[in-house]
Structures are given as structure tokens and as C-alpha cells.
Amino acid sequence: MSRTTDHLSDKLHAYMLRWGVDEPKPVRALREDTHGLAEDGWQSSPEQVQFLSVLAGLMGARRFLEIGTFTGYCTLRMAMALPSDGLVVASDVTNEFVEKVGRAHWRNAGMEDRIDLRVGPALETLAELLMEMGAESFDMAFIDANKKDYPVYFDFCARLVRPNGVIMIDNVFWGGKVADPSDTRKSTEGIRDVTRKASEHPDFEVSIVPIGDGLLLARRLP
């Protein structure tokens with residue numbers, strides 16, 4: 001997660017938010033309420049969430065899988081981006097922040113029935129989704145949770161996303177730490193490993209977009 005795209009000046013970032021982000025009022029209200037939390041740095045940036053929303057529209061996406069939910073800011077924006085029969089499956093190890101901030105905004109926006117929040121370890125949730133919904137059941141998957149487990153999350157999503165579907169992996173720059181060979185922490189190695197795995201996977205093509213803290217897009221080839 002990253003609240004802003006760090007390499008932009010404050011003035012340029014403000015300009016981008018003014019003209020390049022279409023943030024519905026309920027989504028903005030959720031974001032602003034999230035800023036009142038001590039953990040607000042975990043929130044995705046508005047420009048990144050807007051990018052995902054536009055991508056969903058281009059793809060005609062109906063099912064979106066989110067691994068790592070926090071207050072549900074991205075969750076709500078994606079629910080609003082999908083058609084009326086769309087579904088966001090959101091996974092997080094806790095519902096503390098959703099209940100504290102997000103759910104009221106989901107309800108006020110009329111989107112609560114489009115969101116299926118699964119609370120528990122993500123690896124268990126992903127295994128359950130494969131059993132319940134089957135392979136190739138999602139158009140898009142967004143990974144933004146425990147960094148050391150990123151490679152395993154990707155393996156599950158590679159099965160859950162349909163051909164021409166997209167897996168999006170957040171924080172692949174990790175504040176520049178991925179380019180520092182001396183940093184061998186599990187979180188950093190997890191991000192390096194998933195980046196290599198996606199890049200070298202024969203069934204995917206990859207692009208890294210320098211938005212937020214680095215967003216990797218992996219399109220499953222038809």
C-alpha cells in the first residue's frame with residue numbers, strides 16, 4: 001500500500017488528483033475517514049485505485065478478487081466500477097478496520113451486497129475459493145497483503161484468474177528496497193520472488209507501472 005505516488009512533487013500530485021482521478025463521493029469519504037487512523041499509510045493511493053477502476057471497465061470485469069482489504073477503500077471503488085451483477089471478494093486476516101471505517105460507507109453507497117468479505121488467513125481463503133468457485137472464476141485479482149507470502153498468493157491467483165484476466169501486485173518497488181542486494185528480509189525477498197515468478201511465467205506477460213509504490217500487472221495469456 002502507498003497513499004501517494006512518491007516520485008511526484010506535491011504540486012504535480014495535486015494536479016493529477018484534480019484532473020486524473022474520478023473519485024465518487026462515498027469513496028472519497030471513506031478515504032478521508034481512513035486518514036484518521038494511525039495506520040492510514042496502509043491505504044492505497046487514489047490514483048492507483050482509479051487506474052484499477054478504469055482497467056476493470058476496459059476489461060468488462062465482473063468479478064474482482066482483493067487480497068488485503070484494510071478499511072475497504074479499494075474494495076468500495078471496485079464494487080462501484082463493476083456492473084450491477086458484479087462481485088468483489090475481499091480477503092483480510094481481520095475485519096477490524098472494515099468495521100471501524102469501511103462498512104458504513106459500503107452500506108451508504110449501496111454496495112454492501114456486491115462485496116463478499118472473507119476474514120481469515122489469505123492462503124486458506126484462496127484455497128476455499130478454488131473449491132467453491134473453481135479455476136478461472138475471476139477477471140482481476142489484486143494482491144496487497146503479507147509480502148513474504150506474495151509468491152504463494154500469485155500461484156493461487158494464476159489459477160483463479162481467467163485467460164486475458166489480470167493479476168495486479170502492489171508495492172513491487174517496496175520503497176526502493178528491492179533494488180538493494182543487502183536487504184534480505186523476508187518481505188523484500190517475497191516481493192523479488194513474485195516479480196521474477198510473474199515475469200518468467202510462460203502463461204503471463206508483465207508490465208510494471210510506476211504508480212504508488214510500484215504496481216505489477218500480469219496478464220494471463222489466452
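Modeller: In this predicted model, the largest cavity has a lining of 14 residues, and those nearest its centre are Gln43, Ser44, Thr69, Phe70 and Cys74. The space in this cavity comes to about 80 Å³, and the structure contains one cavity of 30 Å³ or more. Sorted by class, the lining comprises six nonpolar, six polar and two charged residues.

A disulfide is a covalent bond between the sulfur atoms of two cysteines. The structure holds zero disulfides. For Cys74, the closest cysteine sulfur belongs to Cys157 and is 13 Å away, which is too far for a bond, because a disulfide requires the two sulfur atoms to be within 2.5 Å. Cys74 counts as buried, with a relative accessibility of 5%. Cys157 is also buried, its relative accessible area being 0%.

Cys157 belongs to the buried residues of helix H7, which also include Tyr150, Pro151, Tyr153, Phe154, Phe156, Ala158 and Leu160. Helix H7 spans residues 150–160 and is mostly covered, with eight of its eleven residues buried.

Helix H7 is in turn one of the elements against which the buried residues of helix H8 pack; the others are strand E5 (161–170), strand E6 (204–209) and strand E7 (215–220). On the H8 side, the buried residues are Thr188, Gly190, Ile191, Arg192, Val194, Thr195 and Ala198. An α-helix has 3.6 residues a turn, so residues three or four places apart point the same way. Helix H8 runs over residues 186–200, and its 15 residues reach 21 Å from the first C-alpha to the last, close to the 21 Å expected at 1.5 Å a residue.

Most residues other than glycine have a negative phi, and most peptide bonds are trans. Asn164, whose place is in strand E5, has a positive phi near 70° although this residue is not glycine. Asn164 counts as partly exposed, at 34% relative accessibility. Trp174 lies in the loop between E5 and H8 and likewise is not a glycine, yet its phi is positive, at about 50°. Trp174 counts as buried because its relative accessibility is 19%, and buried means under 20%.

Definitions and conventions: Residues are numbered from 1 along each chain as its sequence is written. This is a predicted model: local features need pLDDT of at least 70, side-chain atom pairs count only at pLDDT 80 or more; totals for chains, interfaces and linings use all residues. Side-chain values use heavy atoms; hydrogens and water are left out. Buried means under 20% relative accessible area, exposed over 50%, partly exposed in between (1.4 Å probe, protein chains only). Helices (H or I, at least four residues) and strands (E, at least two) are DSSP runs, numbered from the N terminus. On a 1 Å grid over the protein atoms alone, a cavity is a set of points where a 1.4 Å probe fits but cannot get out, and a pocket is an open set with protein on both sides within 12 Å along at least five of seven lines; lining residues have an atom within 4 Å of a point. Grid points are joined across faces, edges and corners, and a volume is the space filled by probe spheres set on the points. Ala, Val, Leu, Ile, Met, Phe, Trp, Tyr, Cys and Pro count as nonpolar, Asp, Glu, Lys and Arg as charged, and the others, Gly among them, as polar. The expected span of a helix is 1.5 Å times one less than its number of residues. Contact means heavy atoms within 4.5 Å.
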